[in-house]
Amino acid sequence: MTRDAADPDARHARGMHAEGDDWSKLPNSQRKDRPLSSAQLKELAAKSNGRGFVALAGNCSLILATGGAIMLTDGVLVPALWRQAWPPLLLLLLLLWQGFLLSALGFAAQHECLHYTAFRTKSLNSLVGRLVSVPSFAFFLHEQAMHKEHHTYTQDLERDPELVAEVAGCTYSGAASGLPDGVDLAAVAAAGRNGFKKVPLSRAQYFERFTCLSGYTSSKLKKFWHCGRGVPVDYSSDGWLLKHCPPGARLTASLQYEARVQAGGTLALLLLWLAALGWRSLLLTWLLPAYLGPPLLYFVQMHEHAACALDPDGLSNTRTTLTSPLLNFVMWNMSYHAEHHLYTILPFHALPRAHALLKQNLVNLSEGGHLSVHRQVLGSWIREQHDAIVKAAKSGAVGKENEKSD
């Protein structure tokens, strides 16, 4: 029996130190939120090296084509273009699109590889995952460790690395977050499913996520710096807030080694590019887009768990957002996020088929696309979350005062 057809229970992995590829708090046979039959799961879980290479080649081709268009529009190849009025605007749009492509490669392609679902061959996933991380300065092994915890403890305020960093005020996006003064984790928990929505706490915070460009870059570089000197950090980029799961000596050593290797390799690539193609090409087709891209990626990532339940139920704690074929292609079908969270062993190309089987069971399905969800975020979710947390905090404060008086 091949690995693809193996019993999912034998592939179960709980937490960052486990070795399996079905990342979950409970093994498949104990998950009451997984409605697919064994036969359906076996068919969908079949991986493919060919499909992985097609997706990778397509993503890389888009990046190369956009890079060429940038150089053409910039006037490096055809200086006469700058006598026209339109190149500056077109150049800006191309830089933003290139930035999104680089960020998507460093997230979506890396994401499939760290799940070992981009390719059938495990070693290909490990190699390609590390290579596609370089252009956006992503950190493969660090993300894999954090992502295992995220899947194991999705929407757990004290264990999900995304929520732990978000509530602590040091998000992996590098932008401001945290709770209002006088509000603690207990208030967030008290706000519960209908209150805490995992969105920015105000409209000002929301827009800062799209303007705080240096925050994203700083967050990435700090991960390499700290891990490279043997001090592992989580999504906070400044410390280890995951009290339930210490990094351990093995992960610490692995993170240190990989951070140093990737930093050295990236520096060598930068110098080689500079020598071969010059600083202008390096700046316009790689470094500047890589700096501009993360907020655009955040635009399609922010609501993956927004306004979802704070419980382990995969049918209600994650959101699927239907979007365009182009965006699905660039993002390796990650908009089918609830399907992915329910069954982490499914390869990216199986997620649309999984959606057809699961869509009637999904609690959070946004059929109007990403813009529609962001309208909800700005229109009501931010306000509702703020009001619920503040109300819970006041109720908690009153309760504490009553306890003191008794």
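Colleague: Which residues touch the most other members of the largest nonpolar core?
Modeller: This is a predicted model, in which local features need pLDDT of at least 70, side-chain atom pairs count only at pLDDT 80 or more, and totals for chains, interfaces and linings use all residues. Residues are numbered from 1 along each chain as its sequence is written, and side-chain values use heavy atoms, with hydrogens and water left out. A nonpolar core is a set of buried (under 20% relative accessible area, 1.4 Å probe, protein chains only) Ala, Val, Leu, Ile, Met, Phe, Trp, Tyr and Cys residues joined through side-chain atoms within 4.5 Å. The largest such core holds 50 residues, and those touching the most other members are Leu 56, Trp 286, Met 331, Trp 332, Tyr 343 and Leu 346.

Colleague: Which helix gives the most to this core?
Modeller: Helices here are DSSP runs of H or I with at least four residues, numbered from the N terminus. With 10 residues, drawn from the stretch 87–114, the element that gives the most is helix 3.

Colleague: How many residues are in the second, separate core?
Modeller: Leu 141, Met 146, Ala 165 and Cys 245 are among its members. The size of this second core is 17 residues.

Colleague: Is Gln 385 buried or exposed?
Modeller: Gln 385 lies in helix 16, residues 370–405, and, leaving aside neighbours within four places in sequence, is in contact (heavy atoms within 4.5 Å) with Gly 195, Phe 196, Lys 197, Lys 198, Val 199, Pro 200 and Leu 201. Because its relative accessibility is 0%, Gln 385 counts as buried.

Colleague: What does Leu 283 count as, given its relative accessibility?
Modeller: Leu 283 is found in helix 11, and the partly exposed class runs between the buried limit and the exposed one, which is over 50%. Because its relative accessibility is 34%, Leu 283 counts as partly exposed.

How values were computed: Helices (H or I, at least four residues) and strands (E, at least two) are DSSP runs, numbered from the N terminus.
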